[in-house]
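The briefing below is meant to be read beside the sequence and the coordinates.

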Amino acid sequence: MDEVIEKTKDLSKYGLENVTAHWNLCAETLQKITLEKGMGVESGNGTLSINTGKFTGRSPKDRFLVKDDYTRDRIWWGRINKPISPENFDKLYNEVANYLSGKEIYVRDAAVCADPKYRTNVRTITEYPWSNYFIKNMFLRLPEEELENFDEDWLVVCAPGYECPNPTEFGIIAGNFSILNYTRKIALVGGSEYPGEMKKGVFTALNLILPVDRNVLPMHCSANVGKDGDTAIYFGLSGTGKTTLSADPDRKLIGDDEHGWTADNTIFNFEGGCYAKVIDLTEEKEPDIYRAIRPGALLENVVFKEGTKEVDYFDSSITQNTRVSYPIDHIDNIQIPSYASNPKNIFFLTCDAFGVLPPVSKLTPGQAAYHFISGYTAKVAGTEAGINEPVPSFSACFGEPFMPLHPASYAEMLSKKMTEAGVNVWLINTGWSGGPYGVGSRIKLKYTRAMISAILEGKLDEVDYDAHPIFGLHMPKYCPGVPTEILDPMNTWLQKGAYVSKAIQLAHSFHINFDKFASQASEEILAGGPLIDSHHSLDEHF
């Protein structure tokens, strides 16, 4: 039921004056308002579709953290975590509040962190109705009785229509910005319509608060649980398969993107929805996601087939980053509530466009820590301007843009928890086989699913393994449902020498990237990297 209140709840404590505020509107009303304002269109099945304008993804260079007494000695300051002064934040916040004053705005009271011990209330104020719709999908929806006396722990303010006219005066780079203030507990977004800025802003907040104050490891991962209570978690960067592979009809989905691992041995979802990429989506390949796109979901930047209301999921003319957000209950098989016990298996997902890494390999504890800190995937030609061939991409902890602490802090927590839980860790390559992008072909999704199913069912516990000569990874010689010849990637290349050359090239990229972490890494972790570096010859391994 809608609660529409105009000027009856005091928002002046946020600096907002004379606003017309709509509180906790239902999806149907938000969709109706969005359509009436000409800010979206409906697909043939009634799903709302919007365009996010200039920004079709996050803008990491325009993200800042307020540097004050709480953050000064905790944050890993640098290229990722850029500081802004409390004074500049306050000035910019006041500018945004003045901009929103007198306008029609939308307020959403919700929460994050499904485990009641860690639940965090978040009030979100948005300029656009569909931004509010996104938050309704993505955060935990609260029962009406809890909304009556709602008191927020954090505030999110999102004003896409405000662009800072003189950014350097406020210590920022451009007219758009995404800023976190841990002392005032505010996430401030301006100048960008991309709603993921709000979602990842709150994630970044939790990624400092939970490990520092609550002894909880925050993770950029999906998670699901089997019939016997065996939990699996899937780390990976965008496009590697987190959402796809965790949506398994035989396992209950805990969540698709953000989780915490507690000292009480619980894995809990931060969110109440899913945010899936839909480029090249088909019902056959990803039935759960495809069927979740119905009224109540929100499509972003998709294109319709000419003259119809049918979405063309293969059209990337706006962006490769086409997406849909939907409440988690749009997936049939979900874990209620969204938490479960310690994982038995952890999967690191990578999309290796060089065709070098095995499709499945088992990691030692040292390798697990090394690959977690590395967070490797590859950017494929055509996904970004100027990229004409695969480029290695490393994002520490598989989520560096959202991690305020030094990556070693998260790696140490993960290693400790993995050891205590006796968990198995696997590297899954969802990228290319038989050669790099443009030569080989992408590993079939059905094969990747078969590998993961075999692991979850214990079918790889007793098979023999070979060690990869360059990366040291342990590759199974057999996996049910998977052609044996693809398990060792060298076998799939026509020219073995070309494979070795490309593998050494990628190994060097790993070493170069890891240099910045090496001083804080143990010998075990350092030994978990590729076996070949500038000081080794091939003769030692072949």
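The model is predicted, and the values given for it are computed. Its second largest pocket has a volume of about 440 Å³, while its largest cavity has a volume of about 90 Å³. A UniProt record, which is an unreviewed entry, places a "binding site" feature at K200, H220 and D257, and of this set K200 belongs to the lining of the largest cavity.

**The second largest pocket**

- The second largest pocket, at about 440 Å³, is lined by 23 residues, of which D248, P249, D250, R251 and S453 are the closest to its centre.
- At least two lining residues come from each of the helices α6 (242-246), α7 (287-292) and α10 (445-456), and the most are given by α10, which supplies 4 residues.
- By class, the lining of the second largest pocket is made up of 12 charged, 8 nonpolar and 3 polar residues.

**The largest cavity**

- The count of cavities of 30 Å³ or more comes to 4, and the largest of them has a volume of about 90 Å³.
- Its lining consists of 13 residues, with R63, S178, E197, K200 and G201 lying nearest the centre of the largest cavity.
- The strands β5 (63-66) and β10 (177-181) and the helix α5 (196-214) each supply at least two residues of this lining, with α5 giving the most, namely 4 residues.
- The lining of the largest cavity divides into 5 nonpolar, 4 polar and 4 charged residues.

**The annotated positions**

- The positions that the unreviewed UniProt entry labels "binding site" are K200, H220 and D257; although they span 58 residues in sequence, no two of their C-alpha atoms are more than 10.3 Å apart, so they gather at one spot.
- Among these positions, K200 is part of the lining of the largest cavity.
- H220 is placed in strand β12 (residues 217-225), and H220 counts as buried because its relative accessibility is 5%, where the cut-off for buried is under 20%.
- Leaving aside residues up to four places away in sequence, H220 touches both K200 and D257, and its other contacts are F203, Y234, F235, G236, K242, F398, G399, F402 and M403.

Conventions: Residues numbered from 1 in each chain as written. Predicted model: local features only at pLDDT ≥ 70, side-chain atom pairs only at ≥ 80, totals over all residues. Heavy atoms only, no water. 1 Å grid on protein atoms, 1.4 Å probe; cavity = no way out; pocket = protein on both sides within 12 Å on 5 of 7 lines; lining within 4 Å. Points joined across faces, edges and corners; volume = space filled by probe spheres on them. Nonpolar A, V, L, I, M, F, W, Y, C, P; charged D, E, K, R; others polar. UniProt positions renumbered as here; feature names shortened; annotations may be inferred. Buried < 20%, exposed > 50% of the residue type's maximum accessible area, 1.4 Å probe, protein only. Contact = heavy atoms within 4.5 Å.
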